[in-house]
Amino acid sequence: MDSSYTTEKTKIQMLYEACNLVFSQKQLPTFKEIHWLKHLLGTFEAIDFGIDEVDLCGSPSSSKKSDKGLICGQCISQITYIHVYECDHFSIGVFCFPAGGMLPLHDHPRMTVFSKLLYGSCYVKAYDWVKVESSSGFPTFGLGGKVLDGIMSAPCETSVLFPRSGGNIHSFTALAPCAILDVLTPPYSEDLGRPSTYFMEFPIPSLPGYAMLEERDLPDDLVVEGAPYLGPPIEADHGHHC
Ligand SMILES: [Fe+2]
């Protein structure tokens with residue numbers, strides 16, 4: 001690849017092309033490809049997605065847009081999802097959290113998830129199933145083993161979770177305003193049997209590090225607002241895979 005080819009492109013365009021290349025294949029991504037994408041995601045900053053992580057724009061904005069035409073990360077008052085791109089094979093988006101914002105335990109069925117904390121800090125808890133009972137018509141229920149329980153502060157490495165390992169069921173609580181870049185492959189799809197399910201956890205006093213997890217309804221108090229993506233446009237290769 002000659003260098004003029006890469007330098008003309010925005011980072012988001014390079015991310016789109018990398019995802020399209022790796023996730024549109026018939027076979028699962030290799031370890032090397034996952035490592036490459038992890039590294040690429042590690043280079044991203046909030047500004048690449050049109051988010052101002054520093055400024056206080058002064059107004060708890062209802063439009064969420066600062067004078068500079070950016071999303072004001074310090075001023076959002078609700079968990080906000082910025083949808084960047086989605087096709088059949090993957091989705092790219094950013095969750096912005098106000099301090100104290102909490103996304104309860106939820107899963108990513110048969111999905112691989114790349115998460116990069118762009119700024120701020122949050123408390124993360126994550127489980128993998130040890131044994132799960134799931135039959136249609138009944139709430140999913142089972143034993144979860146905790147794989148993560150700690151604070152993540154930017155700058156930190158991109159994390160990757162897999163369909164059966166790495167903390168496929170996780171929750172986030174923002175300790176300071178923060179933003180998480182999420183790349184999901186394949187994306188959530190109710191129609192294709194990949195819904196997002198929320199869980200309650202019941203710790204087992206005699207079994208530290210484990211909890212019973214039970215499917216719950218979407219929490220009433222969970223509000224996720226949408227905000228427009230204000231970063232550089234993505235030129236999608238429509239004639240191709242997506
Ligand atoms: Fe998630």
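Before going on, some housekeeping. This is a predicted model, where local features need pLDDT of at least 70 and side-chain atom pairs count only at pLDDT 80 or more, while totals for chains, interfaces and linings use all residues. Residues are numbered from 1 along each chain as its sequence is written, and side-chain values use heavy atoms, with hydrogens and water left out.

Stay on the histidines for a moment. His106 is buried at 6% relative accessible area, and His108 is buried too, at 1%. Buried means under 20% relative accessible area, exposed over 50% and partly exposed in between (1.4 Å probe, protein chains only).

Next, show the cartoon and find the open sheet of 6 strands, ordered E9-E6-E11-E4-E3-E14 with mixed pairing. Strands (E, at least two residues) and helices (H or I, at least four) are DSSP runs numbered from the N terminus; two strands pair if DSSP finds at least two bridges between them. The edges are E9 (159-161) and E14 (224-227), each pairing on one side only. E3 and E14 run parallel, joined by 4 bridges, and Ile82 stands opposite Ala227 in E14.

Contact means heavy atoms within 4.5 Å.

Then pick H2, with 13 residues. Its buried residues include Ile12, Leu15, Tyr16, Val22 and Phe23, and what covers the buried residues of H2 includes H3, E3, E4, E6 and E11.

Finally, colour the largest nonpolar core, which has 34 residues; Phe49, Ile51, Ile82, Ile92, Val94 and Leu118 touch the most other members. Such a core is a set of buried Ala, Val, Leu, Ile, Met, Phe, Trp, Tyr and Cys residues joined through side-chain atoms within 4.5 Å. H2 gives the most to this core, with 7 residues. Click on Val94: leaving aside neighbours within four places in sequence, its contacts include Phe49, Ile51, Ile82 and Leu118. Apart from this core lies another, of 14 residues, among them Leu117, Cys122, Cys178 and Leu222.

Key
The expected span of a helix is 1.5 Å times one less than its number of residues.
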